[in-house]
Amino acid sequence: MRTKAIFLGFLISLAGTTPVLASAPQDEDVRGSFMTTRPKATGKVTGSKSTPTTRPSHRRPKAATPSASTPVVAKGPNNPATVNTARIGLGLTLFMRDSNGLAVRTDPSHEFRKGDHVRVLIETSADGYLYVFNTTDNGQAKMIYPDQELDDAGNYFQAHVPFEIPSGVAPEERLRWLTFDEHPGAEKLYFVFTREPLAAVPIEDDLISYCRDNDGKCPWSPGAEVWAQIQREMNEPVKTARVSGVGRAQTSSEHRAATRGIGLNRDDPEPSLITLTGSTARNMLVVTMDLVHKSISMLGGPDEEMQ
């Protein structure tokens, strides 16, 4: 796979999926479960009036110090450490740059050509951690997100605070889109969303240090134990739904939220693709996508290989 562009295979993998009717009962259940966790509209615009040139940090928030009035619950068989009340999920919307430079919702089945520009808007239904692993032609898995050169190597997402890949407010135009080139390849993407960080997977300063001290070994590759855990979880059932809206431009609320770290509410557009765990007991959502794609060039042109 070519270039440092993250999620590049995922964008193409969507093109090979089978459309699902949004009116199906299961789709309504999935959409409802995802959308009702969004807050209701307040009628107020929050956040800075000016658009920042960099995205909000995706590093983990510092743990709050318990106050004297905070109850302490002992852990044990009758007192689980956490109680999950909802399924965890991902919402994804694919955008393509039109002739006027606008980001327009695109049908994933669209056949992309050399020179097409795309980006994806990502939304989670809960606070958690997002990892993306890639294999090329059944080769060794590599972690392409988090990335030591992006977002301070962080991968923490807040529920319903959308995130653009890549950023629409990058300082240079070439950094704002993923651009298709002519190079083919068979890819498999593993999207892993977890309530807690994955053990033995470096993020933030650990990932930055690893890449600095191990020149030429990044992107990081998971060990056998981590990869076996992901393989087990990817067999767990999931529920999916699709929402129509092809041809509509990205709304100002979506762009503002993605670039300022502001949460979406129930009045904002739904993601084009929603995937949820099949059970509230699951602490990890793994989605795999098999694909054959036209490679994407970014951050240096088509001759730069992903490391």
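Trainee: Hi! Which residues does His160 touch, leaving out those up to four places away in sequence?
Mentor: His160 touches Phe34, Thr37, Arg38, Glu123, Thr124, Ser125, Ile262, Gly263 and Leu264, where contact means heavy atoms within 4.5 Å. Keep in mind that this is a predicted model, in which local features need pLDDT of at least 70 and side-chain atom pairs count only at pLDDT 80 or more, while totals for chains, interfaces and linings use all residues. Residues are numbered from 1 along each chain as its sequence is written, and side-chain values use heavy atoms, with hydrogens and water left out.

Trainee: Thanks! Where does His160 lie?
Mentor: His160 is in the loop between strand S6 (156-157) and strand S7 (163-165). Helices (H or I, at least four residues) and strands (E, at least two) are DSSP runs, numbered from the N terminus.

Trainee: Is His160 buried or exposed?
Mentor: His160 counts as buried because its relative accessibility is 1%. Buried means under 20% relative accessible area, exposed over 50%, and partly exposed in between (1.4 Å probe, protein chains only).

Trainee: What does the side chain of His160 make a polar contact with?
Mentor: Its partner is the side chain of Thr37, at 2.6 Å. A polar atom of the His160 side chain also lies 3.4 Å from the backbone nitrogen of Arg38. A polar contact is a pair of N or O atoms within 3.5 Å; within protein, one must be able to donate a hydrogen and the other to accept it, and residues adjacent in sequence count only if both atoms are side-chain atoms.

Trainee: Switching to S4, how many of its residues are buried?
Mentor: Eight of the nine residues of strand S4 (residues 128-136) are buried, so the rest of the structure largely encloses this strand.

Trainee: And which strands does S4 pair with?
Mentor: S4 pairs in the antiparallel sense with S6 over two bridges, and with strand S5 (residues 142-145) over three bridges, also antiparallel. Pairing requires that DSSP finds at least two bridges between the strands. Tyr129 stands opposite Tyr156 in S6, and Val132 has Tyr145 in S5 as its bridge partner. S4 and S5 form a hairpin with five residues between them, and Asp137 in the turn has a positive phi of about 50°.

Trainee: What packs against S5?
Mentor: The buried residues of H3 do. In helix H3 (residues 204-213) these are Glu204, Leu207 and Cys211. They are on the same side of H3, because they cover an arc of only 70° around the axis; the arc is that of the directions from the helix axis to the C-beta atoms. Asp206, Arg212 and Asp213 are exposed on the other side of H3.

Trainee: What is Cys211 joined to?
Mentor: A disulfide joins Cys211 to Cys218, with S to S at 1.9 Å; a disulfide here is a pair of cysteine sulfur atoms within 2.5 Å. The torsion about the S-S bond of Cys211 and Cys218 is about -90°, so this disulfide is left-handed. The structure holds one disulfide, and both Cys211 and Cys218 are buried.

Trainee: Last one: how many residues has the largest nonpolar core?
Mentor: The largest nonpolar core has 22 residues, and those with the most contacts inside it are Tyr131, Phe133, Met143, Val192, Val201 and Ile230. The elements that give it two or more residues are S4, strand S8 (178-194), H3, helix H4 (224-233) and strand S11 (284-297). A second, separate core of 19 residues includes Ile88, Leu130, Phe157 and Ile165. A nonpolar core is a set of buried Ala, Val, Leu, Ile, Met, Phe, Trp, Tyr and Cys residues joined through side-chain atoms within 4.5 Å.
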